[in-house]
Amino acid sequence: MKPPRAQSKPDVPPNGRPSKHAKKSKNGHANGAARFYGIPMPGVRTEDLSGSLIVVEGTDGSGRSTQISLLTEWLESEGFAVQTMGLRRSFLVGEDIDALLAENAVTRMTLALMYGTDFFDQLERRILPALRSGLIVLADRYIFTLIARAAVRGIGRDYLHGIYEIALRPNLTFWLNVRPEVAFDREFKKSQTISYWESGRDMSLSNDLFQSFIRYQSMIKREFEYLSKRHGFIELDGEGSVSEVNRVLRRRIASHLGIRSTHYKPSHALAHLWR
Amino acid sequence: MATTTPDILSVPQPAPQKTAAAKREYPGALVVVEGIDGSGKSTQLYLLKRWLEIGGYRIHFTEWNSSPLVKSATRRGKQRRLLTPTTFSMLHAADFADRCERQILPLLHGGYLVLADRYIYTAFARDAARGCSPHWLRNLYSFAPVPDITFYFRAPLDVAVNRIVAGRPKLKYYEAGMDLGISLDRAESFRIFQERILSNYDQMIETDHFVLMDGTVRVNKLQKLMRQLLGERVDLRQFAPKKK
């Protein structure tokens with residue numbers, strides 16, 4: 001199987017492959033380091049990251065997970081090996097965060113730093129090895145959700161960016177933007193209720209669950225608007241149909257990876273997602 | 001004056017430094033001990049704590065790495081050797097944040113004298129020895145309240161290392177810095193790791209206003225000095241039991 005080929009595009013960060021023409025960044029690291037926001041994590045080899053990191057961000061109910069399932073199938077059918085990541089999936093602390101959330105005895109800074117631990121564990125043990133092997137990593141949320149959630153709880157944005165400056169910069173970051181009201185409908189339909197954390201009830205915004213959800217998700221959305229400008233997100237209308245959103249995602253990813261055809265029809269197993 | 005000091009305190013009590021008090025936004029005070037393993041800091045802080053406890057002072061003692069919330073993660077990470085310099089550092093920061101938000105800050109706001117056995121400088125010295133960027137570490141812990149006084153216990157490397165190696169059947173993997181791959185011999189690795197930490201501590205003496213304590217001085221003599229220095233820096237009367 002041929003490893004995925006990443007194309008150089010002016011609007012896409014360099015893919016980290018050794019190149020004679022590659023410029024050295026100001027801190028003197030080889031061009032692999034340019035894939036990081038600042039000085040890379042200690043003990044991490046930054047060269048040979050031949051794969052691509054593609055991030056799908058968006059609030060609860062924005063359709064991220066659905067899109068990632070479909071994109072995985074499409075990429076695999078095109079011959080690309082895919083690795084996924086998401087919040088609370090690290091072996092190190094994934095379950096511990098679940099326990100902290102269940103107890104809701106946790107304070108905001110501790111939770112933010114536990115999510116950070118979870119993120120870096122996945123980055124070092126899952127994402128970087130996959131990228132070294134030339135895989136496509138599809139991230140169901142990335143540092144941006146972590147920054148937004150902590151920022152709306154009053155933790156400084158510069159502080160948060162400082163923590164994640166040692167993280168890897170994605171090749172593409174999509175933001176599925178939906179209005180909080182639409183997100184509410186979708187989330188409610190999915191589980192017949194709204195959870196404590198997705199309605200931000202730890203923030204005492206309102207005793208009314210709907211109001212609390214809308215206010216909380218609106219705050220998150222505002223943070224995303226700021227992050228989108230700062231980090232150059234590709235913003236998509238997440239309220240479109242699944243197939244419409246998927247078509248736009250495929251087009252952008254195909255152009256990044258050098259895939260000629262963007263034709264895709266979900267298999268029988270995923271047909272129920274196609275609306 | 002309704003407050004008093006216990007008579008074991010035989011040193012004069014000058015007024016607390018106004019600048020330090022003005023900067024604080026809480027009535028409590030934070031006393032920190034730092035130093036490499038075997039420098040004698042824990043013994044000295046224990047004696048200080050006992051002295052204040054016996055005198056009936058409003059104090060609270062807190063240790064590095066003691067929060068039950070992240071204990072299982074730390075244990076799992078250490079047992080299975082999953083921790084990298086970054087996740088090691090993040091996990092300890094989460095642990096510290098929990099202690100800070102749920103103990104240290106409320107107690108400082110509640111007017112307690114908080115005694116901390118190791119503080120953020122442990123992370124600065126140790127995690128930087130593991131390769132974390134000092135700049136990144138400073139930012140990570142920037143939410144921590146600044147101590148009123150930080151006692152830095154310094155003992156020569158050989159003295160400190162021998163104290164630890166003699167008292168422990170086996171050095172633990174991370175404790176010995178085995179994850180750094182410096183040496184396959186644990187005792188040797190521990191020594192080199194501690195040497196790096198010691199050098200990082202030394203660099204903070206000026207920048208972080210450490211009060212240098214000679215860890216080779218006799219225990220009771222050093223304790224007397226510690227009590228005197230504390231009294232000069234912190235107005236202990238505000239933590240003394242109220243007498244009616």
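**From an exposed arginine to the helix pair**

Modeller: Arg50(B) counts as exposed, because its C-beta has 11 neighbours inside 10 Å and a residue with 12 or fewer is classed that way. This is a predicted model, so everything here is computed from predicted coordinates. Arg50(B) sits in helix α2 of chain B, residues 41-54. Its C-alpha lies 31 Å from that of Glu195(B), a residue 145 places away along the chain.

Now the part to look at closely: the contact of chain B with chain A. Chain B puts in 28 residues and chain A 24 residues. On the chain B side, α3 (71-79), α4 (85-109) and α6 (134-140) each supply at least two residues. The largest share, eleven residues, belongs to α4(B). By type, this side of chain B has 14 nonpolar, nine polar and five charged residues.

What does α4(B) meet in chain A? Its partner is helix α3(A), residues 108-132, and the two pack at an angle of about 170° with axes 8 Å apart. Angles over 145 degrees count as roughly antiparallel, and therefore α3(A) and α4(B) are roughly antiparallel to each other.

The residues can be read off on each side. From α3(A) come Met109(A), Thr110(A), Leu113(A), Met114(A), Gly116(A), Thr117(A), Phe120(A), Asp121(A) and Glu124(A). From α4(B) come Thr86(B), Thr87(B), Met90(B), Leu91(B), Ala93(B), Ala94(B), Ala97(B), Asp98(B) and Glu101(B). An α-helix has 3.6 residues a turn, so residues three or four places apart point the same way. The residues of this helix contact divide into nine nonpolar, five polar and four charged.

Arg81(B) lies in the loop between α3 and α4 of chain B. Its phi is near 55°, a positive value in a residue other than glycine. Most residues other than glycine have a negative phi. Arg81(B) is exposed, because 10 other C-beta atoms lie within 10 Å.

Phi of Arg141(A) is near 80°, and Arg141(A) is not a glycine. Is Arg141(A) buried or exposed? Arg141(A) is buried, because 22 other C-beta atoms lie within 10 Å and 20 or more is the cut-off.

Chain A has eight helices and five strands. Along the sequence they run β-α-β-α-α-β-α-α-β-α-α-β-α. Of the 275 residues in chain A, 42% are buried. Among its contacts between residues at least 6 apart in sequence, 74% join residues at least 24 apart.

Helix α1(A) shows how such packing looks in one element. It covers residues 64-77, 14 residues in total, and reaches 20 Å from first C-alpha to last, close to the 20 Å expected. Buried in α1(A) are Arg64(A), Gln67(A), Ile68(A), Leu70(A), Leu71(A), Trp74(A) and Leu75(A). These buried residues pack against β1 (52-57), β2 (82-86), β3 (136-140), β4 (172-177) and α8 (242-257) of chain A. Just after α1(A), Gly79(A) takes a positive phi of about 90°.

Methods: Residues are numbered from 1 along each chain as its sequence is written. Chains are lettered from A and ligands numbered from 1 in the order in which they are written. This is a predicted model: local features need pLDDT of at least 70, side-chain atom pairs count only at pLDDT 80 or more; totals for chains, interfaces and linings use all residues. Two residues are in contact if their C-beta atoms, placed from the backbone, lie within 7 Å. Helices (H or I, at least four residues) and strands (E, at least two) are DSSP runs, numbered from the N terminus. Ala, Val, Leu, Ile, Met, Phe, Trp, Tyr, Cys and Pro count as nonpolar, Asp, Glu, Lys and Arg as charged, and the others, Gly among them, as polar. Axes are lines fitted to C-alpha atoms, for helices over the stretch in contact, and angles run from 0 to 180 degrees between N-to-C directions. Angles under 35 degrees count as roughly parallel, over 145 as roughly antiparallel, 65 to 115 as roughly perpendicular and the rest as oblique. The expected span of a helix is 1.5 Å times one less than its number of residues.
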